[in-house]
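Me: Hey, I've just opened this one and I'm new to it. Can you walk me through it?

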Amino acid sequence: MRIHTVLPLLTAFFLSGCYEIGPTRLDRDQSDYSRALTSASKQQTLLNVVRLRYADTPGFLDTTQLISGYQLQRNVSVGIGTYSVATRPYGGIAAQLQESPTFTFQPVTGDAYAESFLRPLPPANLLPLVMGGLPIDVLFRLSVQSVNLINNVGPMGGENARGTPVFFDLLSDLRALQLAGLLGIQLERTPQTQGMEAQPDRVYLSIMSSDDPVLSGVVREVRRLLGMAQNDERVEVTYGGGRPRPGQIRLLTRTILGVLGQIAYQIEVPQDDIVSGRTRPTIRLTGHEKRPIVVIHVANEKPDSVFVWTTYNHKYYWIADNDYDSKLAFTMLQILLELSKTSKEPNTIVTIPANG
């Protein structure tokens, strides 16, 4: 092969593919980083639940920025050498693709911590999730402490925090109405006046009538439990506990820490940890809701076929991949965590360049 033939071939190889790096890497990296960020978020949530079980301090670290840069280096060399009796051209090609990702983390502290994790979830933010298809019974078990005078299980356990048995009956009926299309949520935006304090949006719950004899009985029971007149189809939902005013129901919602705490104290931990005083006894549910809302397993060996897992104090904690109910409730917890986040500026940013 002559040298004037080698040079165009090497040059063509050198230039080929340069403009395909961006689209190719975007398609792959977007999926890979999305999976990694989701997995890391799930592990952080589970770890914080376990920490609370042992009265340890939870910590939250948000990934606020991810930059993945690539550098392509190619070298081409051509020369003429004498080999035995002939003079022949020779060449060399070298290519290297280097990735330099940078991750930026924001610790959630101060006002951002208070707004995100210590502020009760507003009913106007919570109830529209029901119209998005989330099961209302799971949502209320996670995020609502009481409906009027009907109490959910307390997040910290104890004899005085077992809740009102009829609470779970109400949730079951509400879910039946949701599946039948008889449950509605309406959100009314409150006009804001310049110079005045912002007013919260108003949210209404509709319980529609039905000609079906079975569903008609469920409608009557729900309206009775909510303190509605039997001819009323709509009631305003307000935040708070205790007895409501006419035409209203009061929803005492939890903070994110309260949601995490309820899940934490339902974990079946080793008996030695309870006897030694490292943690409190597990909350024991009564009635037909004896199953924890999220079943978290613990063992000394790493489990197989898990939805999410973490380690704490040399033990493995996980949610089984074949436990659909626990996975659904944990996913809804992740949604509530995202919903509660604030956009306040961070006090500290940790940037970690990850060079291979």
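**A walk through the model**

Reply: Let's start with helix α7, residues 165-180: at 1.5 Å a residue its 16 residues should span 22 Å, and its end C-alpha atoms are 24 Å apart, which agrees. The expected span here is 1.5 Å times one less than the number of residues. Helices (H or I, at least four residues) and strands (E, at least two) are DSSP runs, numbered from the N terminus. This is a predicted model, where local features need pLDDT of at least 70 and side-chain atom pairs pLDDT 80 or more, while totals for chains, interfaces and linings use all residues. Residues are numbered from 1 along each chain as its sequence is written, and side-chain values use heavy atoms, leaving out hydrogens and water.

Me: Which residues of α7 are buried?
Reply: They are F167, F168, L170, L171, D173, L174, L177 and Q178. Buried means under 20% relative accessible area, exposed over 50%, and partly exposed in between (1.4 Å probe, protein chains only).

Me: And what follows α7?
Reply: G181 does, with a positive phi near 80 degrees.

Me: OK, on to α6. Why is it largely enclosed by the rest of the structure?
Reply: Seven of the eight residues of α6 (residues 136-143) are buried, so the rest of the structure largely encloses that helix. The buried ones are I136, V138, L139, F140, R141, L142 and S143.

Me: What does α6 lie across?
Reply: Strands β3 (144-147), β5 and β8, and α6 runs at about 105 degrees to β3. Axes are lines fitted to C-alpha atoms, for helices over the stretch in contact, and the angles run from 0 to 180 degrees between N-to-C directions. Contact means heavy atoms within 4.5 Å.

Me: What's the strand order in the open sheet?
Reply: Six strands, in the order β4-β3-β8-β7-β6-β5, with mixed pairing. β4 (150-151) and β5 (183-188) stand at the edges with a single partner strand each, so one side of each has no neighbour in the sheet. Two strands pair if DSSP finds at least two bridges between them.

Me: How many bridges join β6 to β7?
Reply: Four, and these strands, β6 (residues 202-207) and β7 (residues 234-239), run antiparallel. For one of them, V203 has V237 in β7 as its bridge partner.

Me: Now T253. Which strand is that in?
Reply: T253 sits in β8, residues 248-253. With a relative accessible area of 5%, T253 is buried. Leaving out residues up to four places away in sequence, T253 touches P120, L121, P123, L126, S143, V144, Q145 and Y239. Its side chain also reaches the backbone oxygen of L121 at 2.5 Å.

Me: Is S305 buried or exposed?
Reply: Exposed, at 55% relative accessibility. H314, in the loop between β10 and β11 (315-320), counts as exposed at 76%, and its phi is positive too, near 65 degrees.

Me: Last one: how many aromatic pairs are there?
Reply: A search of the whole structure finds five. One of them is W309 with Y316, a tilted pair at 5.9 Å centre to centre with 45 degrees between the planes. Rings of Phe, Tyr and Trp (its six-membered ring) pair if their centres lie within 6.5 Å; planes under 30 degrees apart are stacked, over 60 edge-to-face and the rest tilted. W309 is partly exposed at 27% relative accessibility, and Y316 is partly exposed at 21%.

Note on methods:
Polar contact = N/O pair within 3.5 Å; in protein donor to acceptor, adjacent residues only side chain to side chain.
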